[in-house]
Amino acid sequence: MPSAPSSQPLTYEAAKEMAANADPRVRQELASRPDLPPEVLYYLAEDSDAGVRRAVAANAAAPHHTHMMLARDGEVAVRGDLAAKVSRLLPGLSPAEHDKIRQSAHEALRTLARDQMVAVRQILAETLKDVAHAPADVIKTLAGDVDSAVASPILEFSPVLSDDDLIEIIRKGPAAGGLNAIARRKTVSEQVTDAVAATNDTTAVATLLGNSGAQIREETLDRLIEQ
């Protein structure tokens with residue numbers, strides 16, 4: 001791991017010289033600096049060393065147009081660091097900043113949500129699961145993931161998913177454990193409860209019955225008791 005970035009101001013010429021240093025540890029430390037000029041970070045995003053690219057991916061100061069480049073990086077760790085970074089940025093953004101991030105990073109999030117590696121998609125799901133203004137299409141992609149480690153956090157926690165979204169996911173059949181994740185949501189509407197109950201999934205139904213936040217119609221409850 002590189003040492004902590006220096007607190008001393010760095011001149012542009014010094015930054016360029018460090019970016020060309022043959023030692024990847026020097027370049028990695030440089031790429032971690034929050035005060036680095038955007039053009040230097042962009043240059044380092046194409047570095048031959050994966051550790052340097054990881055440092056750029058994790059750096060909140062990296063220019064937004066590096067996102068798509070790093071979202072297609074050949075190293076899983078680079079893509080994972082980018083997924084975590086971009087997801088962490090979303091909750092604290094002002095509306096204007098959010099628009100800027102959305103325009104420049106939305107495509108990167110879409111790409112990461114369809115990443116071939118479960119680990120990358122899982123990082124994205126865990127960090128976006130409770131973000132209220134996460135991109136809806138990215139959340140729906142993650143919610144419909146075939147791997148429960150990706151889908152379940154979104155299905156259980158995401159405030160972005162509407163009742164109609166949840167009912168559609170139930171109709172199509174979520175990943176293993178997905179119904180149970182929906183049944184664990186803090187609030188489950190009558191319509192969603194009916195949809196879960198109609199699947200006759202005993203584990204999910206039992207979870208619904210034990211969930212104080214699940215709204216269950218009397219007729220639905222009577223039918224479940226009969227079953």
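Which helix holds aspartate 222? Aspartate 222 is found in helix H15, residues 218–226; helices are DSSP runs of H or I of at least four residues, and strands are runs of E of at least two, both numbered from the N terminus. Before going on, note that this is a predicted model, in which local features need pLDDT of at least 70 and side-chain atom pairs count only at pLDDT 80 or more, while totals for chains, interfaces and linings use all residues. Residues are numbered from 1 along each chain as its sequence is written, and side-chain values use heavy atoms, with hydrogens and water left out.

The classes used throughout are buried (under 20% relative accessible area), exposed (over 50%) and partly exposed (in between), with a 1.4 Å probe and protein chains only. The areas come from the Shrake-Rupley method with a 1.4 Å probe, and for residues only the protein chains shown count as cover.

Patches are made of residues with over 30% relative accessible area and no salt bridge; like charges are joined within 9 Å, and nonpolar side chains (Val, Leu, Ile, Met, Phe, Trp, Tyr) within 5 Å.

Leucine 221 counts as partly exposed because its relative accessibility is 32%. Together with Leu209 and Ile225, Leu221 makes a nonpolar surface patch of about 280 Å².

Select arginine 217 and aspartate 194. The two form a salt bridge, with the closest N and O atoms 2.6 Å apart; the term means a side-chain nitrogen of Lys or Arg within 4 Å of a carboxyl oxygen of Asp or Glu. Aspartate 194 lies in helix H13 (residues 190–198) and arginine 217 in the loop between helix H14 (202–209) and H15, so the pair ties together parts that are 23 residues apart in sequence. Arginine 217 is partly exposed, at 25% relative accessibility.

Move to asparagine 200, in the loop between H13 and H14. What is its phi? Asparagine 200 has a positive phi of about 60 degrees although it is not a glycine. Most residues other than glycine have a negative phi. At 45% relative accessibility, asparagine 200 counts as partly exposed.

Select asparagine 180, found in helix H12 (residues 178–183). Is asparagine 180 buried or exposed? Asparagine 180 counts as buried because its relative accessibility is 18%. Its side chain makes a polar contact with the side chain of threonine 207, at 2.4 Å. Such a contact is a pair of N or O atoms within 3.5 Å; within protein, one must be able to donate a hydrogen and the other to accept it, and residues adjacent in sequence count only if both atoms are side-chain atoms.

Go on to lysine 172 and glutamate 168. Their side chains meet in a salt bridge of 3.7 Å, N to O. Both residues lie in helix H11 (residues 163–172), four residues apart, about one turn of the helix. Lysine 172 is exposed at 64% relative accessibility, and glutamate 168 is partly exposed at 31%.

**A salt-bridge network**

How many salt bridges does the structure hold? The structure holds 16 salt bridges. Select Glu107, Arg110 and Asp137, which are linked in a network of salt bridges. In the pair of aspartate 137 and arginine 110, the closest N and O atoms are 2.7 Å apart. Aspartate 137 lies in helix H9 (residues 136–143) and arginine 110 in helix H7 (residues 95–113), so this pair ties together parts that are 27 residues apart in sequence. Both ends are partly exposed: aspartate 137 has a relative accessible area of 29%, and arginine 110 one of 33%.

Select valine 78 in helix H6 (residues 76–89). Valine 78 is buried, at 0% relative accessibility. Show alanine 57 too: its C-alpha atom is separated from that of valine 78 by 6.4 Å, and the two are 21 residues apart along the chain.

Glycine 80 lies in helix H6 and counts as buried at 5% relative accessibility.

The last stop is proline 38, in helix H3 (residues 38–44). Proline 38 is partly exposed, with a relative accessible area of 43%.
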